[in-house]
Amino acid sequence: MLGEVLTAIVTPFRSDGGVDLERFRQLAAHLVDNGSDGLVVAGTTGEAPTLEDDERLALFAAAVETVGDRARVVAGTGTYSTAHSVHLTREAAAVGVDGFLVVTPYYNKPPPAGIVAHFAAIAEVSTKPIIVYNIPQRVVINIEPETVAELARIPSVSAVKQATTDLDQARHIVELGLDLYAGNDDLILPFFELGGIGGVCVYTHVVGPQVKEMVTQFAAGNHDAARAIDASLRPIADALAVTTNPIPVKAALAMVGHDVGGIRLPLVPATDDQQAVIRQALDQAGVLVPA
């Protein structure tokens, strides 16, 4: 298991647009100090599609060096190209990460056999665990239960990050013996009730201790307490879905005192209206830094 509370960490940028490794290290340490068992680096929230390979590898190395002795580091190495994904996975393994997050190949819409072959090729370059990332709303394709069953036969495929609300599909993942991670913040508790082990989260950037407490309470059998925490965090989850991430979570981080810089095009900063929604939710949750 790669942990229960994994934060899909944002990538901080300098004013000139370059990756800010020092602020990344500071944020990584803060997240691990505040409830995260591990970090997913260069995932969707980390703006992976606009990162150069050397930037990704520098982020992987910085995460391992900064928190690798006390948290798991999962490298986002999946792209729509199998060859590129294999290359990134091989290089990330050499850096010393603990596992890989591999998204369904996007845009080129491979058939099920192609999806299985894609993951099998990646698995050939490292025995470290792979989290399959199923997010059909971004990649068009849903990994159907029959395909997940095929993927489960690949020895290093150990988990699925499931970003869909289909509880039957989520239950099937658990029945296959794979670790089930919630891919959306509002799915963590529903997936726990099906046998899931945690989430790859966005809102833990600002409410990490509360999410860790929710997980702890559920594991201890205090389900009502966990549900109460979940209900209290829903406004934050909703506010951080006001537009495409990482736009809202970077705005939220700035509001709570973490300067992580801007957004790389084609993403753009949060509008005034979106910032107002985020600010209100943070204020209600008691985590907003006073002006």
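Arg234 is partly exposed, with a relative accessible area of 29%, where partly exposed denotes the range between buried (under 20% relative accessible area) and exposed (over 50%), computed with a 1.4 Å probe on protein chains only. The model is predicted, so local features need pLDDT of at least 70 and side-chain atom pairs count only at pLDDT 80 or more, while totals for chains, interfaces and linings use all residues. Residues are numbered from 1 along each chain as its sequence is written, and side-chain values use heavy atoms, leaving out hydrogens and water.

**Salt bridges within helices**
- Arg234 pairs with Asp230 in a salt bridge (3.2 Å, N to O), defined as a side-chain nitrogen of Lys or Arg within 4 Å of a carboxyl oxygen of Asp or Glu.
- Asp230 is buried, at 7% relative accessibility.
- Asp230 and Arg234 are 4 residues apart in helix H10 (residues 223–239), about one helical turn; helices are DSSP runs of H or I with at least four residues, numbered from the N terminus.
- In helix H7 (residues 167–175), Asp168 and Arg171 are 3 residues apart, and their side chains form a salt bridge at 2.9 Å, N to O.
- Asp168 is exposed at 56%, whereas Arg171 is partly exposed at 32%.

- Arg25 and Glu65 form a salt bridge, their closest N and O atoms being 2.8 Å apart.
- Arg25 belongs to helix H1 (residues 21–33) and Glu65 to helix H2 (residues 53–67), so the pair ties together parts 40 residues apart in sequence.
- Arg25 is partly exposed at 27% relative accessible area, and Glu65 is exposed at 56%.

**Whole structure**
- A search of the whole structure finds 15 salt bridges.

Definitions and conventions: Helices (H or I, at least four residues) and strands (E, at least two) are DSSP runs, numbered from the N terminus.
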